[in-house]
Amino acid sequence: MSGTVEAKLAALGITIPAATAPAANYVPTVISGNHLWISGQISVADGKFLVGKLIGEADIDGGRAAARQCAINIIAQIKAALGDLDRVKRVVKLVGFVNSAPDFTDQPKVINGASDLLVEVFGEAGRHARSAVGVAALPFNVSVEIEAVVEFA
């Protein structure tokens, strides 16, 4: 039987994909004490990259969707590392990177796509500290990359 978090995901119609393997010389997660450090998860769904530089107001919804997918990929890494999503005590921190044109300044609105989902899935334990940073480019020209720190029991 699914745990509480998995039941919530099912109710939201979210299927957690298999955790992706690293694209370079790093590991996807590191456990240190009771914290899980999750390497940057890019905006990829079903093997397809969600790409493009965010350039204006019209791109915010697409960027939010890309950030939401990053959060789903973060959850996949949590499940792979811990085996049980109900072990999450707290999402401690997110660092979000947005592939941004020089005049794009709505990075926080974009990263809300991930933050909102994590709160929806984990409740108060999903509330976290966060940074939202605009960058000139991201791997594979993806729109968003997000790394996370999670406390677990």
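## Close-up views of a predicted model

View 1. Strand E1 (residues 29-32) is joined to E2 by four bridges, and the two strands run antiparallel. The structure shown here and in every other view is a predicted model. Ser 32 stands opposite His 35 of E2. Two residues lie between the strands of this hairpin, and Gly 33 takes a positive phi near 65° there.

**View 2. Pairing of strands E2 and E7.** Strand E2 also pairs with E7, in the antiparallel sense and over six bridges. Within this pairing, Ile 38 has Ala 148 of E7 as its bridge partner. In a regular strand, side chains alternate between the two faces of the sheet.

**View 3. Parallel strands E5 and E6 and their crossover.** Strand E5 (residues 88-99) runs parallel to E6, and seven bridges join the two. The chain passes from E5 through helix H3 (residues 107-122) to E6 in a right-handed β-α-β crossover. The bridge partner of Val 98 in E6 is Gly 134.

View 4. Gly 123 is placed in the loop between H3 and E6. With a relative accessible area of 26%, this glycine is partly exposed. The C-alpha atom of Gly 123 is separated by 21 Å from that of Gln 41, and the two residues are 82 residues apart along the chain.

**View 5. The aromatic pair of Phe 49 and Phe 140.** A search of the whole structure finds one aromatic pair. The ring centres of Phe 49 and Phe 140 are 4.8 Å apart and the ring planes lie at 10°, so the pair is stacked. Phe 49 belongs to strand E4 and Phe 140 to the loop between E6 and E7, so the pair ties together parts that are 91 residues apart in sequence. Phe 49 counts as partly exposed, at 34% relative accessibility. Phe 140 is likewise partly exposed, with a relative accessible area of 48%.

View 6. Most residues other than glycine have a negative phi. Asp 46, although not a glycine, has a positive phi of about 50°. This aspartate is found in the loop between E3 and strand E4 (48-49), and its relative accessibility of 85% means that Asp 46 counts as exposed. For Phe 140, phi is near 60°, again a positive value in a residue other than glycine. Phe 140 lies in the loop between strand E6 (129-135) and strand E7 (144-152).

**View 7. The largest pocket and its lining.** The volume of the largest pocket is about 530 Å³. Its lining comprises 26 residues, of which Thr 20, Gln 41, Ile 42, Val 44 and Asn 73 lie nearest the centre of the pocket. Strand E2 (35-42), strand E3 (44-45) and helix H2 (60-82) each supply at least two residues of this lining. Helix H2 gives the most, with four residues. By residue class, the lining divides into 16 nonpolar, eight polar and two charged residues.

Note on methods: Residues are numbered from 1 along each chain as its sequence is written. This is a predicted model: local features need pLDDT of at least 70, side-chain atom pairs count only at pLDDT 80 or more; totals for chains, interfaces and linings use all residues. Side-chain values use heavy atoms; hydrogens and water are left out. On a 1 Å grid over the protein atoms alone, a cavity is a set of points where a 1.4 Å probe fits but cannot get out, and a pocket is an open set with protein on both sides within 12 Å along at least five of seven lines; lining residues have an atom within 4 Å of a point. Grid points are joined across faces, edges and corners, and a volume is the space filled by probe spheres set on the points. Ala, Val, Leu, Ile, Met, Phe, Trp, Tyr, Cys and Pro count as nonpolar, Asp, Glu, Lys and Arg as charged, and the others, Gly among them, as polar. Buried means under 20% relative accessible area, exposed over 50%, partly exposed in between (1.4 Å probe, protein chains only). Two strands pair if DSSP finds at least two bridges between them. A crossover is right-handed if, with the strands pointing away from the viewer, the path from the first strand over the helix to the second runs clockwise. Rings of Phe, Tyr and Trp (its six-membered ring) pair if their centres lie within 6.5 Å; planes under 30 degrees apart count as stacked, over 60 as edge-to-face and the rest as tilted.
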